[in-house]
Amino acid sequence: MPAKDAARPDKVAAMRVTRVLGAVLAAAVLSTAGCARVVEGTPQANTDPPGSEITEDGAGILIGYHAAPVRIEIFAEPQCPPCGRLQRDYGDEIAEYVGAGKLAVIYRPMTFLDLAGPGYSAHVANALFLAAGPDTDAMTFQKFVQDLWTHQDPEGSPGPTDDELADLAADSGISADLVERIRSGDEGVDVDEMAEQNVDYLTDVAGAVATPAVYDLTGDQLVLLRDEWLSDLMLGLGS
């Protein structure tokens, strides 16, 4: 929809340097499928379930193992209907790959549809940051994401209340302590700073601010969101 790291996975900082070039090539990426590339490597054995954590830059939330062979960023606006469709169509598949240790996802919330200042989108984004951390495994966080984006209020509405966000979090399996922080409206992130950083990041990789957008950190390129984009990416066809 168009508009007016704990540490990031390995090598992400270096990849940021190449993102200006990615912006120059964005139009070509959006109109072509790109070159095929096999993603090698297998997830390392880990007896702990994949977790969730706020990225070192403070503007994203990582779910999954750091050693996952495929790593992506998802830029999404809480009021954006296509972002809701992405979670309805691919959320379960994302959860499956993350749970299997094959995929790590950095969610980067956007708030550009809060046209009159911090509102619906800022409120939801703050709740996401409250829900992330050592007490929330990746699968639980992904369920919360799916619940938030598939139960969107109409654009322009006030959006969910703190109580409604807390109830969704509880239904998703978020711990009672974190649910109460959401219910109390605690600050989980400096939303303005987070949103500004994510606008800069998305502009670097896409040349514009439009959601949903998926960036392949493994292949260092924007992903064309055609049908089966995720399964293609997991097979190495999207890199």
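Student: Happy to start with a pair of helices: are helix 4 and helix 6 roughly parallel or antiparallel to each other?

Tutor: Keep in mind that this is a predicted model. Helix 4 covers residues 81-99 and helix 6 covers residues 138-150, and they pack with their axes 9 Å apart at an angle of about 170°. Angles over 145 degrees count as roughly antiparallel, so helix 4 and helix 6 are roughly antiparallel.

Student: Nice! Which residues of helix 6 does helix 4 meet?

Tutor: On the helix 4 side, the residues involved include Cys-83, Gln-87, Ile-94 and Val-98. By class, this contact has eight nonpolar, seven polar and two charged residues. The partners in helix 6 are Ala-138, Met-139, Gln-142, Val-145, Gln-146, Trp-149 and Thr-150.

Student: Let's zoom in on Gln-87: does it count as buried or exposed?

Tutor: Gln-87 sits in helix 4. Its relative accessibility is 4%, and the cut-off for buried is under 20%. Gln-87 therefore counts as buried.

Student: Stepping back, what share of the residues of the chain count as buried?

Tutor: The chain comes to ten helices and six strands. It exposes about 10800 Å², with carbon and sulfur atoms supplying 53% of that area. Of its 239 residues, the share that count as buried is 51%.

Note on methods: Residues are numbered from 1 along each chain as its sequence is written. This is a predicted model: local features need pLDDT of at least 70, side-chain atom pairs count only at pLDDT 80 or more; totals for chains, interfaces and linings use all residues. Side-chain values use heavy atoms; hydrogens and water are left out. Axes are lines fitted to C-alpha atoms, for helices over the stretch in contact, and angles run from 0 to 180 degrees between N-to-C directions. Helices (H or I, at least four residues) and strands (E, at least two) are DSSP runs, numbered from the N terminus. Angles under 35 degrees count as roughly parallel, over 145 as roughly antiparallel, 65 to 115 as roughly perpendicular and the rest as oblique. Contact means heavy atoms within 4.5 Å. Ala, Val, Leu, Ile, Met, Phe, Trp, Tyr, Cys and Pro count as nonpolar, Asp, Glu, Lys and Arg as charged, and the others, Gly among them, as polar. Buried means under 20% relative accessible area, exposed over 50%, partly exposed in between (1.4 Å probe, protein chains only). Accessible areas come from the Shrake-Rupley method with a 1.4 Å probe; for residues, only the protein chains shown count as cover.
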